[in-house]
Amino acid sequence: MSTSTDHGRPDPEATPSALSRDGRPVSDRGDTVCVIGAGASGLTAIKNLREHGFGVDCYERETGVGGAWNWRHDRSPVYASTHLLSSKPFTQFPDFPMPDSWPDYPHHSQLLSYFERYADHFDLRSHIWFGTEVIRVEPAAGERWDVTTRSTGGYGPERTSQYAAVVVANGHNWSPKLPRYEGLEEFRGEIMHASSYKDPAQLRGKRVLVVGAGNTGCDIAVEAAQQASRCWHSTRRGYWYAPKYVLGRPADQVNDALLALRVPLRVRQWLYHWTLRLTVGDLTRFGLPKPDHRVYETHPIANSQLVYYVGHGAIGPVPDVARFHPYAVELSDGREIDPELVIFATGYLPRFEFLDASVFGDSAGVGRPTLWLNAFTPGHPTLAVAGLVQPDSGMFTLSHWQTVLFARLLQARRDRPERAAAFAQRVRDRAGERYSAQVKESSRHWFEVGHADYLRAVQRALTDLEGK
């Protein structure tokens, strides 16, 4: 048994019981599981592992829970006007509903209070080391893991503890993906990534170019339409822009009703096109490019205001950027524009800086691990990733069931090893499977999932694991 405090945390005075590969002392934490990150996925991992009888040590680099939804955190991509893109019923944890009095699409401040209440309700804070970052996770003997931590910012000594298993829940919206353009270094205007955007005051009175057509790029373009002296919105390709309400209901609830009825993908695509024709019509007449893919083959852009401001001339759609000049930006069609501020809403790349990329089968080190169910990696049955999904609805339910599955896998390794061995073989055979329509090949779309198909796959995995 490991030595611990009353709260299940490792005792700083405990005598090290082993040495790491490079001779560092290691404190053995026995059957305790390490969770990295106390955002949405990390919190539900702590709760579900505890409910299945496991001790948990969670390391959080910031000073509070909430992860990306806590905009006080350095790495948070949240800005002042951020609201949920998925509606409340499809976002909340299945065992902790959001208040009925909340709107369909809650504000980010409400989300943070939700996570704080979730942590308090299930007594999760006593298992979290705040202000502590994980700097290395290394495989150890017996399919265990050496986890090295230190105080956030590099202060204080490093400490290594050995765990029976690890859940990686460090999020995937914190490492900005920055494009490269000829002449960018010589541009005399202001440049920022959307991760640095926090408030519309940053746009006020300026000529603004927003690059990128994801949900964040569209949100910032809409705010620039109201605050900037001029706004251009640059996109590489055409996208499908979905209203947040359809037939008087949140759009994801209408889509889920079709999924529940097992309506075929082609029929759902036809219905979506028909709905768009009735509501916003042909977007190419506004100057927006025609999509080069069918709907549901990329993550839908949930924005009811972009088309409104394009139609009112407050947002000028422009094609991709070709190159930068000191005082101008040249577009791919040969035109030049003169923004004072360029905002790259070009997304984020998954990063696991504390793990050797080969552990996840990411030999190129590009942040694209080879996983089954976007969670389990071949050859490492005691390692799981939680929350590495981009669903067509809310993510928290998916993270909940991912971590339930991992907790039951750890139980099976102890009580029903034959079931755990069959599960490990399934991970090897099916790593890289997708649970969505055939999506565009890009760093943004490869981990998209259709939530209904994904949850069915998790349910099958649970059933097989438990032998029912």
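In what order do the five strands of the open sheet lie, and is their pairing parallel or antiparallel? In this predicted model, the strands follow the order β10-β21-β11-β12-β17, and they pair in parallel fashion. The edges are taken by β10, residues 190-193, and β17, residues 316-318, each of which has a single partner strand, so one side of each is left without a neighbour in the sheet. From one strand to the next the twist averages 20°. As background, strands of a sheet pair through backbone hydrogen bonds, in either a parallel or an antiparallel manner.

One of the pairings to look for is that of E190, whose bridge partner in β21 is L341.

Across this sheet, helix α3 (residues 215-227) lies over β11 (207-211), β12 (230-234) and β21, and α3 runs at about 160° to β12. The helix has 13 residues and reaches 18 Å from its first C-alpha to its last, close to the 18 Å expected at 1.5 Å a residue. Its buried residues are N215, G217, C218, I220, A221, V222, E223, A224 and A225. The elements that cover these buried residues include β11, β12 and β21, along with β13 (241-242), β16 (301-302) and α6 (306-311).

In the contact between them, L405, L409, A412, R413 and D415 of α7 meet P417, A420 and F423 of α8.

The cysteines remain to be considered. A disulfide is a covalent bond between the sulfur atoms of two cysteines. With a cut-off of 2.5 Å between sulfur atoms, the count of disulfides comes to zero. For C58, the closest cysteine sulfur belongs to C34 and lies 7.6 Å away, which is too far for a bond; C58 also counts as buried, because its relative accessibility is 0%. C218, one of the buried residues of α3, is likewise in no disulfide, and the nearest cysteine sulfur, that of C231, is 10 Å away. The relative accessible area of C218 is 0%, and therefore C218 is buried.

Terms used. Residues are numbered from 1 along each chain as its sequence is written. This is a predicted model: local features need pLDDT of at least 70, side-chain atom pairs count only at pLDDT 80 or more; totals for chains, interfaces and linings use all residues. Side-chain values use heavy atoms; hydrogens and water are left out. Two strands pair if DSSP finds at least two bridges between them. Helices (H or I, at least four residues) and strands (E, at least two) are DSSP runs, numbered from the N terminus. Axes are lines fitted to C-alpha atoms, for helices over the stretch in contact, and angles run from 0 to 180 degrees between N-to-C directions. Contact means heavy atoms within 4.5 Å. Buried means under 20% relative accessible area, exposed over 50%, partly exposed in between (1.4 Å probe, protein chains only). The expected span of a helix is 1.5 Å times one less than its number of residues.
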